[in-house]
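Here is a short report on a protein model.

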Amino acid sequence: MAKMTLQELRALREQKRKEMKKRDLSDKTMQVVIGMGTCGIAAGAKDTLNAFIQELEEQQVSDVIVTQTGCMGLCYVEPTIEVIVPGMPNIIYGKVDPEVAKNIVRDHLMNKKMVSDHIFDRPAADIIDQGRK
Amino acid sequence: MALTNYILVCGGTGCESAKADQIYKNLLTAAQASGVGDTVQILKTGCFGFCEQGPIVKILPEDSFYVQVKPEDAEELIKEHIVKGREVKRLLYDKSESKKHARVEDIQFYQKQFRIVLRNCGFINPEDIDEYIAREGYVALERVLGDMSPDDVIQELKKSGLKGRGGAGFPTWLKWNFTKDVEDDEKYIVCNADEGDPGAYMDRSTLEGDPHSVLEAMTIAGYTVGAQMGYIYIRAEYPLAINRLKAAMQQARDYGLLGEDILGTDFSFDIEIRLGAGAFVCGEETALLASLEGNRGMPRPRPPFPAVKGLWNKPTVINNVETWANIPVIILKGGDWFAQIGTEDSKGTKVFALTGKIRNSGLVEVPMGTTLREIIYDIGGGIANDKEFKAVQTGGPSGGVITKEYLDTPIDYKHLQELGSMMGSGGMIVMDEDDCIVDVTKFYLGFTVDESCGKCSPCRVGGRTLYNMLDKITKGEGEIEDIDKMHQIGKAMKKASLCGLGQTAPNPILSTLRYFEKEYLAHIKEKKCPSGKCKELISYYILADKCIGCMACARKCPVAAITGERRKIHRIDQDICIKCGICYETCKFDAIYVG
């Protein structure tokens, strides 16, 4: 992309916001967001990531985006991930090893059931989202 | 039939013991009985923190947060909430009508956390600038370049009351203002990412999770003070943070958010990364600047302050990562908004790295003025393994300890200083009854002695002398005069050392002497270590009335110091014993005694 002016940046932001919203609302796209800070990676987040990709392939689930984010702050239960499925509350899972990752694919993503014992809470309300209408 | 509700029952150890398991079973039974078994999923979760209010039950998607739930409440929860869709008011934590927690006054949300610095960490993909932009990223820069004069920016910062988060707590607006007011055609912006305190990692996580927030803030500072070049000084031990920063900088350049004529204006600003070799002293600003210039990282006397004479003798704004990450939000939401959060003396939030003997270790961001008790018990879930809380060490090797009596002190710059500790970068290490205070203090002194650059003698000689005394004490060779001497040397170091490293190095000693003098005296007079940590002062014995002769300890002993036949009382040969403590951990009958 070429260098932007103020107006172009504003336009891009609007567009991206809509895209993110659309992603949340449409009944097609699910997301798995993996905490890939140094802490997560040290706790095995890379294995978790691979397990997700492998299991999604094996189960032939194709409408899931697997992406990464930074540390969520829940270092005692790394690796942590967030699962966003349209029509279900967003859920943060902790201590997600490859085995748990497979369960999440089968239960949460495919059967819309949550996986017990690994659900945690986002540590704080989102101030950015609150400021936005 | 599709699921419509999810009931989360907290399954942390705190709540387990308070009948969470029974609640879970009762909920299952009640759901079946009411015929909603197919539409509601009942789950056990990890610990939510907030264990004092446990057991906790949360119902999604309404996000209803029920506290102190009893097993007999299960039926009501199902019948009222799930079947009829009415919240059970008496069990709700927040009983107010409004479910909105957006206003600052409402942040006494059960989570107690409030994320400004970490607002994007764990939300966005740090390697994708578009996600940052979608979450109000670069709006602040846009506003500054479009509608604000440099003085407007300074005014906004002044209103916010933001103070430097690197340790000393100097008002940020004042620093910027000094640099802005100096006439010079070359000025610099520096980001101090040389995070070195043992146990602190908030800067690393911020850079890894939200690199653009720092880039945006530095660019705003460049515009405000009239600088065109910025440097991020980051330790080479943070490879992931470095890579993400590099990627972020490239994306920002591609978008025209860094480089020549930013966003079509005539303002140009660029940033480069400089790697530090991991010397702790380079976190001190003048030493950092020396290292940036290619010299040996050693501090120099101040004044002149870097704001006036910094990098290559040019006016330089130098702030720490966490300070930078606050700036875009202050511009975005306004200084007044920011100033509502926190206390009279300290505004905004602080990120702490909560580690040590704590159940839920992690990064927490709380409003200034939150008490230690809230951080440790409500967020941290209390002490691991149900041990007794002893003290918490804040401020790393420059800070001190805070004891049980002061758990309810609101945390801000002023109060921590009054207690003889300091905010520092925000490491918070929790100690329990098993930690020996002298031993911990020795660890910190050992760290500062290793990291002293050696330029000034109070730090170089004083630190070593203090360390040697602590070493003597932990070996049972301490003398009563040592306590006075440590006070004297410590005070002299505080006054005479050149930089913050030496000035604060004695803090761990002075602070522990203040609160735990008894423990020092036990080591010196009775030659005993009450926590059983100092090897020279303890011995392991087998209690004859408890030993059943199972041989478990004997098999585990790495030096074969334990003798005894099956079903007969064992014995430890004190001459061979290396005091590793494995027998103590192995014995299931509490038959090993430490004395």
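The sections below go from conventions to details.

## Conventions

This is a predicted model: local features need pLDDT of at least 70, side-chain atom pairs count only at pLDDT 80 or more, and totals for chains, interfaces and linings use all residues. Residues are numbered from 1 along each chain as its sequence is written, while chains are lettered from A and ligands numbered from 1 in the order in which they are written.

## Nonpolar cores

The largest nonpolar core holds 200 residues. Such a core is a set of buried Ala, Val, Leu, Ile, Met, Phe, Trp, Tyr and Cys residues joined through C-beta atoms within 7 Å. A residue is buried if 20 or more other C-beta atoms lie within 10 Å of its own, exposed if 12 or fewer, and partly exposed in between; C-beta atoms are placed from the backbone. The residues with the most contacts inside this core include B:Ile7, B:Val9, B:Leu27 and B:Val392. Helix α8 (residues 211–225) of chain B provides the largest share of this core, eight residues. Helices (H or I, at least four residues) and strands (E, at least two) are DSSP runs, numbered from the N terminus.

Not counting residues up to four places away in sequence, B:Leu27 touches B:Ile7, B:Val9, B:Ile42, B:Ala74, B:Leu77 and B:Ile78. Contact here requires C-beta atoms, placed from the backbone, within 7 Å.

## Chain A against chain B

The contact takes 43 residues from chain A and 54 residues from chain B. On the side of chain A that touches chain B, α1(A) gives the most, with seven residues. By class, that side has 21 nonpolar, 14 polar and eight charged residues. Ala, Val, Leu, Ile, Met, Phe, Trp, Tyr, Cys and Pro count as nonpolar, Asp, Glu, Lys and Arg as charged, and the others, Gly among them, as polar.

## Domains 3 and 4 of chain B

The domain assignment of chain B includes domain 3 (349–432) and domain 4 (437–524). Such bounds come from an automatic or database domain assignment. The C-alpha centres of these two domains lie 22 Å apart. Their contact takes ten residues from domain 3 and 14 residues from domain 4. The side of domain 3 that touches domain 4 has three nonpolar, seven polar and no charged residues.

## Helix α15 of chain B

Helix α15 (residues 437–451) of chain B has 15 residues and should span 21 Å at 1.5 Å a residue; its end C-alpha atoms are 21 Å apart, which agrees. The expected span is 1.5 Å times one less than the number of residues. Buried residues in α15(B) include B:Val440, B:Tyr444 and B:Phe447. Among the elements covering its buried residues are β11 (389–394) and α16 (457–474) of chain B.

Technical notes: Contact = placed C-beta atoms within 7 Å.
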